[in-house]
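Dear colleague,

I am passing on a structure for you to look over. The model comes first, and my notes on what was found in it follow.

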Amino acid sequence: MKIPSRIITIDRTPIYVGDNALSFVDKVIRSMHLGHDGIYILVDKNTRHYCLPVLLEQSALLAGARLLEIDGGEDSKTIAMAGKLWNELLASGASRESLLVNLGGGVISDLGGFVTAGYKRGINYLNIPTTLMGQSDAAIGGKTAVNLGSIKNQIGFFHAAKSVFIFPGFLNTLPKDHMRSGMAEIIKCALVGNARLWRRIRNHPVTEILSLPVEHAFWHEMLTSTIKYKNMVVVRDYKENKLRKVLNFGHTIGHALEAYSLLDSRKPLLHGEAVAAGMICAAYLSHKKTGLMAPDMEAITTYLTDGFPAYSVDSLSMPAVMELIVHDKKRKNGHLQFTLISKPGNPVINISCDQEEILEALGFFNATLSG
Ligand SMILES: NC(=O)c1ccc[n+]([C@@H]2O[C@H](COP(=O)([O-])OP(=O)(O)OC[C@H]3O[C@@H](n4cnc5c(N)ncnc54)[C@H](O)[C@@H]3O)[C@@H](O)[C@H]2O)c1
């Protein structure tokens, strides 16, 4: 099935979604009245190989752009890497009128967005997300960041892309584990904002969904519902004063597990895998604190444990994980603040949980793996 292109406006940032999304790139760049030599494309090895040729086929203006290439992966989301890119931009004469095109997943859009926010006090950029995580979440909403040591997204800016182009065809080359990782953000949006979508998703195991071609109508439904939901939230609360916190469901503990797994000897968790684990803990806390019914908690837990790789936290690791949770940014007056749900589709923000409750949630998560 062909996905029709559509424009959704997010804080004046158009989002072009669909099979012909890339055909709008030149029109948008032309409307910015830039000199052609001021255009840069940020890629990693994979997006250079798989996605750049597809983009250049659709954009004559980008043919002359300079490439900035980084090693892919979370390890690149650092201030050191941003510094390297700032030096490259400076050395090649990038000006305040230059444009950066982020072609890649969430690492590229977070890092590239961060670099543009800082370079000469802010230059324009476009996001062309190539992963499910990027297309459903990371490329939308103007949050940019790098990690500080092992703590995720500690240094960053709100700096929105001028436009976002979402071409689902890029997902055809994305490895399965990264597709699954992106599924976690789609599930999160359904759990906090779209009970109907959650009911549809829960009838199809993750492995079944991942076996569908990205052209399938169900992908279309999941992707567009998620993009629309994220757009609605960000338009209403760009700076995360209130409503936008709903998107943190599963992220407080998820970020800590993601960071911990980078220090661990086991294979590091992908962002979405960690968020899936965080959502199991959040479902437990929601049952305990905000009235989520036991059958809903069980349905969420079973769906996520069946669909995502197991990653247990043994008792020796608990203090280190807790330390990372305490460092998470969602803290107010010394209390850890959680986004929970009272039922699927009904988020509740700013719920304080103490360390004992968090340890209980991690214990529940461990038990689901062995159960
Ligand atoms: N700013 C936000 O609002 C926001 C939201 C969610 C996640 N994030 C961030 O996103 C990051 C994770 O993003 P991600 O999951 O996209 O990871 P990623 O950017 O590391 O990409 C995953 C892997 O897929 C490869 N790849 C990308 N596109 C490809 C394609 N079309 N075909 C083949 N390979 C391809 C990349 O080279 C990389 O190896 C995390 O750092 C997370 O914090 C940010």
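I begin with Arg121, which is found in the loop between α5 and β6 (124–129), where helices (H or I, at least four residues) and strands (E, at least two) are DSSP runs numbered from the N terminus. Please bear in mind that this is a predicted model, in which local features need pLDDT of at least 70 and side-chain atom pairs count only at pLDDT 80 or more, while totals for chains, interfaces and linings use all residues. Residues are numbered from 1 along each chain as its sequence is written, and side-chain values use heavy atoms, with hydrogens and water left out.

Arg121 has a positive phi of about 65° although it is not a glycine, and with a relative accessible area of 79% it is exposed (exposed means over 50% relative accessible area, buried under 20% and partly exposed in between, with a 1.4 Å probe and protein chains only). As background, most residues other than glycine have a negative phi.

Glu240 has a positive phi of about 55°, again without being a glycine, and its place is in the loop between α10 (217–236) and α11 (251–263). Glu240 counts as buried, at 16% relative accessibility.

Helix α5 itself covers residues 106–118, and its end C-alpha atoms are 18 Å apart, which agrees with the 18 Å that its 13 residues should span at 1.5 Å a residue (the expected span is 1.5 Å times one less than the number of residues). Because 12 of those 13 residues are buried, α5 is largely enclosed by the rest of the structure; among the buried residues are Val107, Ile108, Asp110, Leu111 and Phe114.

Turning to the protein as a whole, there are 15 helices and 12 strands, and buried residues make up 57% of the 371 residues. The C-alpha trace spans about 60 × 45 × 35 Å along its principal axes. Among contacts (heavy atoms within 4.5 Å) between residues at least 6 apart in sequence, 77% join residues at least 24 apart.

With best regards
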